[in-house]
Amino acid sequence: QVQLVESGGGLVQAGGSQRLSCAASGRTFSNYRVGWFRQAPGKEREFVAGISWRGGNTYYTDSVKGRFTISRDNAKNTVALQMNSLKPEDTAVYYCGAKEYGSSWFNYDYWGQGTQVTVSS
């Protein structure tokens, strides 16, 4: 199986930017669809963005379109989430997930432990 580790979280002012990274090991990352999810206190985990295994297809939840960009570098076994124009409501623990088979943006088999993003007003 693939192991995932998120990094890049921290405290940022509203309107600022943050770049998250998901690093994979254990299996070849290039064959996996990867998605970013987030979970705020008291809320269920929600889908944020996803990218196909070759990077040619991406999908974003409406609330982050135009602000967040997902990308991948298969040579480095990493997937990034560039977050711009951050809002306090973006505050959450961000998780990356990976799935080798299937086309759904919402079902993933492997998960990282998450990285905290806090956006202050």
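Strands here are DSSP runs of E with at least two residues, helices are runs of H or I with at least four, and both are numbered from the N terminus. Before going on, a word on the source: this is a predicted model, where local features need pLDDT of at least 70, side-chain atom pairs count only at pLDDT 80 or more, and totals for chains, interfaces and linings use all residues. Residues are numbered from 1 along each chain as its sequence is written, and side-chain values use heavy atoms, with hydrogens and water left out.

Is K99 buried or exposed? Its relative accessible area is 15%, so K99 counts as buried; the cut-offs are under 20% for buried, over 50% for exposed and partly exposed in between, with a 1.4 Å probe and protein chains only. What does the side chain of K99 reach? That would be the backbone oxygen of Y101, at 3.3 Å. This is a polar contact, meaning a pair of N or O atoms within 3.5 Å; within protein, one must be able to donate a hydrogen and the other to accept it, and residues adjacent in sequence count only if both atoms are side-chain atoms. Leaving aside residues up to four places away in sequence, K99 touches N31, Y32, R33, N107, Y108 and D109, where contact means heavy atoms within 4.5 Å.

C22 belongs to strand β3 and C96 to strand β9 (residues 92–99), so the bond ties together parts that are 74 residues apart in sequence. The torsion about the S-S bond of C22 and C96 is about 65 degrees, so this disulfide is right-handed. C22 is buried, at 0% relative accessibility, and C96 is buried at 0% as well.

Now follow β3 into its sheet. Four strands make an open, antiparallel sheet in the order β1-β3-β8-β7; two strands pair if DSSP finds at least two bridges between them. At the edges stand β1 (3–7) and β7, each with a single partner strand, so one side of each has no neighbour in the sheet. From one strand to the next the twist averages 15 degrees, using axes fitted as lines to C-alpha atoms, for helices over the stretch in contact, with angles from 0 to 180 degrees between N-to-C directions.

Which residue in β8 stands opposite R19? It is Q82, in the pairing of β3 (residues 18–25) with β8 (residues 78–83), antiparallel over six bridges. On the other pairing of β8, six bridges join it to β7 (residues 68–73), again antiparallel. There, S71 faces A80 and D73 has T78 as its bridge partner. These two strands form a hairpin with four residues between them, and N77 in the turn has a positive phi of about 55 degrees.

Of its 121 residues, 42% count as buried. Among contacts between residues at least 6 apart in sequence, 57% join residues at least 24 apart. The C-alpha atoms fill a box of roughly 40 × 25 × 25 Å along the principal axes. Thanks, everyone!

Key. Disulfide = S-S within 2.5 Å.
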